[in-house]
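Trainee: I would like to learn how to read a model of this kind, going from whole domains down to single strands. Could you take me through it step by step?

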Amino acid sequence: MSKYYLNYLDELESEAIYILREVWAQFENPVILFSGGKDSILVTHLAKKAFYPSKIPFALMHVDTGHNFPETIQFRDDLVEEFGVQLLVGSVQEAIDKGRVAEEKGKNATRNTLQITTLLDAIETNNVDCAIGGGRRDEEKARAKERFFSHRDDFGQWDPKNQRPELWNILNGKHFEGEHFRAFPISNWTEMDVWNYILRENIAIPSLYLAHQRDVVWRSNSWIPVSEHLKLEEGEKVENRKIRFRTLGDITITGGMESEADTLEKIVTEVSSMKQTERGNRTDDKRSESAMEDRKRQGYF
Amino acid sequence: MIDNNQLLRFTTAGSVDDGKSTLIGRLLYDSKAIFEDQLDAVTATSRRKGHDGVDLALFTDGLRDEREQGITIDVAYRYFTTPKRKFIIADTPGHIQYTRNMVTGASTANAALILIDARHGVIEQTKRHAFIASLLQIPHVIVCVNKMDLVGYSETVYNDIVSQFEEFSSKLYVKDVRSLPMSALDGDNVVNRSENMDWYQGAPLLHTLETLHISSDLNKIDARFPVQTVLRPQREGFIDYRGYAGRLASGILRPGDDVTVLPSGFNSKIKTIDTDKGSLSEAYAPMSISVTLEHDIDVSRGDMIVKVKNQPKPMQEFDAMLCWLHNDAAKPRAKYTIVHTSNEQKAMLKNIVYKIDINSYARIEDDTSLHMNEIARVTVKTTRPLMIDEYRDNRVTGSFILIDDTTHETVAAGMIV
């Protein structure tokens, strides 16, 4: 009977499909949180598998900081077209214009934390009862404690010390009106698993992940891309380098690394010999030892 | 990584003092799952706290409260990969008040590591951990006698502890128990062989984890297919398609198999087994698939497709070992929602048969209360029959949870006996 076992990627895939189907069965109005990054792209592809031959039954929800890579937006729109799904956008710019949030001030100001209010507003106005995310437990120590089905109270907050126990694969998505859930179907995947799977399934990803020439400045130990939103500081100079991005987020805080990896195969090889964590180039996580935990408690992704 | 590598999930039980965090840190560090920036952060913290060298235990630090109090509050999941396997560690706290976390971590594990401090031998906590491993039917248990450096790497000490363990664990039901001496702090017998214990002929821990035979941990005999949802594409090429989507809990299914849909009892044949990559000639647990049937019969979420000649028992009243998980104690004869596979019913705790003292394994017969972290044999009554197997035969169709309808909290986990 030895042939009757799944390899690790097939097992992770099967688990993710199971979770996505549970979301569909247990919630009225679930959406996929779509950032244009590889993890949310992967979740969208897994949703396609989970419901084939039906269409993906979830809308994609994008929390737009207004500080985007143009490539990400193009990629998002193409994917929406290809899969025939609905796109919902929560705009940080609109939230600022309406006075819901105020821009951070100072040298390291970002719109990162402003996404929390925008996300929670978008969840509320669209009556979303479950937001499916591409969060992985290997990313960060607060995320290591996440459940597959993660409860959020009336205020969208996460209480890590008071989570519902999740036994076997029985998922409890019961909630009161006004509360919602976050679901994390790829919780058990590591960065390496994601890349190996993208390679195996030949999943299209934004070109930003592949090595390319770009104008950048050296800041906080990584290459920050030049854009209309970047204010040069004294002593900083623009250089043209061959870089790629290991994660994608807000263009003002996503650092690139010098690389020659311009194919998926080369990325897999490069990632397997990486010496720094994936989020090491994210200035949003560098603010304090519990930066992610604090944001997550308030309702972050 | 090699494509046919398997995934092994294991749980670690132990208190801070057993060196559990150090062991996990050692596994992550020696298998090169630690990145430079993580190492830098931990090195800096170690120095600030006045440790010599790197305190490996800091790699498993989690939430702010845990770092401040030096404890583990909740199950944390860790990942590492070797050229042979991918591993998921469910790192659970070992204190008595955290039985619920140990049970949670154990529920999906292939293997349990039980840590024993060589200086103290088998203590109450060891018995508790062994009991939970047995209760949750973890197929493989590895007893790690740790801190051997503090007992002079003594073979006699090790052998005594192993026989103590064997003596009390003979009352338990564990299929595969093995043991090894180690020092997680120095890395003896964790990833690399110990040079201090020539008398130990067995393999180091990592090699054991890499080679445990786990393919037969899942039941491949009894086909059980709980339906999660029905796929009705209503689009060109699939107008009449009705696919029953789910994850095969156990066993094997093939097109042409004679099947029964429970609870209705209608018989049919499997027509196709579909995935987005095409139809399959067979499917086995734990694959997620979509199944079509030859006949147009009513099938919906909560139903189970099984083979005509191998069916679970439809039961409306059954006994189970129940672990209470919530601060609010069990209310006798109160109604709860029971979730068993994809099926949901109302249930009542009809009777608490006996409670178990998980330290002595003694039965407490005349106590009808059931509080957080307590385990009891109970009789459950449901509004409609559930399609159950014994937990010992099937971890999916033999398990359930109870949900309190007034709070929506998961309050108990049950294993059908």
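Mentor: Let us begin with what a domain is here: domain bounds come from an automatic or database domain assignment. Please also keep in mind throughout that this is a predicted model.

Trainee: Which domains does the assignment give for chain A?

Mentor: For chain A the assignment gives domain 1, made of 8–193 + 290–298, and domain 2, made of 206–285. Their C-alpha centres lie 24 Å apart, and the contact between them takes 21 residues from domain 1 of chain A and 19 residues from domain 2 of chain A.

Trainee: Which elements give two or more residues to the side of domain 1 of chain A that touches domain 2 of chain A?

Mentor: They are α3 (70–83), α6 (191–201) and α8 (291–298) of chain A, and α3(A) gives the most, with three residues. By residue type, that side of domain 1 of chain A divides into five nonpolar, 10 polar and six charged residues.

Trainee: How should I read a sheet, and in what order do the six strands of the open sheet in chain A stand?

Mentor: Pairing is the starting point, and two strands pair if DSSP finds at least two bridges between them. In chain A, six strands form an open sheet with mixed pairing, in the order β3-β2-β1-β4-β6-β5. At the edges stand β3 (87–91) and β5 (149–152) of chain A, each with a single partner strand, so one side of each is left without a neighbour in the sheet. On average, neighbouring strands of this sheet are turned by 30 degrees against each other, direction ignored. As an example of one pair, strand β2 (residues 59–64) of chain A and β3(A) run parallel and are joined over five bridges, and the bridge partner of His62(A) in β3(A) is Val89(A).

Trainee: Turning to chain B, how many helices and strands does chain B have?

Mentor: Chain B has seven helices and 23 strands. Its radius of gyration is 24 Å, close to the 22 Å that the globule rule gives for 417 residues, so chain B is as compact as a globular protein of that length. The C-alpha trace of chain B spans about 70 × 55 × 40 Å along its principal axes, and buried residues make up 50% of the 417 residues in chain B. Of the contacts in chain B with a separation of 6 or more, 71% are accounted for by residues 24 or more positions apart.

Trainee: Which domains does the assignment give for chain B?

Mentor: Chain B is assigned domain 1 (6–211), domain 2 (224–307) and domain 3 (313–416). The C-alpha centres of domain 1 of chain B and domain 3 of chain B lie 30 Å apart, and their contact takes 12 residues from domain 1 of chain B and 13 residues from domain 3 of chain B. On the domain 1 side of this contact, α4 and α5 of chain B each supply at least two residues, and the largest share, five residues, comes from α5(B). The residues of that side divide into four nonpolar, three polar and five charged.

Trainee: Is helix α4 of chain B mostly covered or mostly open?

Mentor: For this step you need a cut-off: a residue is buried if 20 or more other C-beta atoms lie within 10 Å of its own. By that criterion helix α4 (residues 99–106) of chain B is mostly covered, with eight of its eight residues buried, among them Arg100(B), Asn101(B) and Met102(B). What covers the buried residues of α4(B) includes β1 (6–13), β4 (111–117), α5 (124–135) and β17 (313–324) of chain B.

Trainee: Which strands of chain B pair with β19(B), and over how many bridges?

Mentor: Take the partners in turn. Strand β18 (residues 335–340) of chain B pairs with β19 (residues 343–356) of chain B in the antiparallel sense over six bridges, and Val339(B) has Glu344(B) as its bridge partner in β19(B). The hairpin of β18(B) and β19(B) has two residues between the strands, and Thr341(B) takes a positive phi near 45 degrees there. With strand β21 (residues 375–388) of chain B, β19(B) pairs in the antiparallel sense over eight bridges, and Ala347(B) stands opposite Thr382(B) in β21(B). Strand β20 (residues 363–364) of chain B also runs antiparallel to β19(B), joined by two bridges. β19(B) and β20(B) form a hairpin with six residues between them, where Tyr361(B) in the turn has a positive phi of about 65 degrees.

Conventions:
Residues numbered from 1 in each chain as written. Chains lettered and ligands numbered in written order. Predicted model: local features only at pLDDT ≥ 70, side-chain atom pairs only at ≥ 80, totals over all residues. Buried ≥ 20, exposed ≤ 12 C-beta atoms within 10 Å, placed from the backbone. Helix = DSSP H or I, 4+ residues; strand = E, 2+ residues; numbered from the N terminus. Contact = placed C-beta atoms within 7 Å. Nonpolar A, V, L, I, M, F, W, Y, C, P; charged D, E, K, R; others polar. Rg over C-alpha atoms; globule rule 2.2 N^0.38 Å. Axes fitted to C-alpha atoms, helices over the stretch in contact; angles between N-to-C directions.
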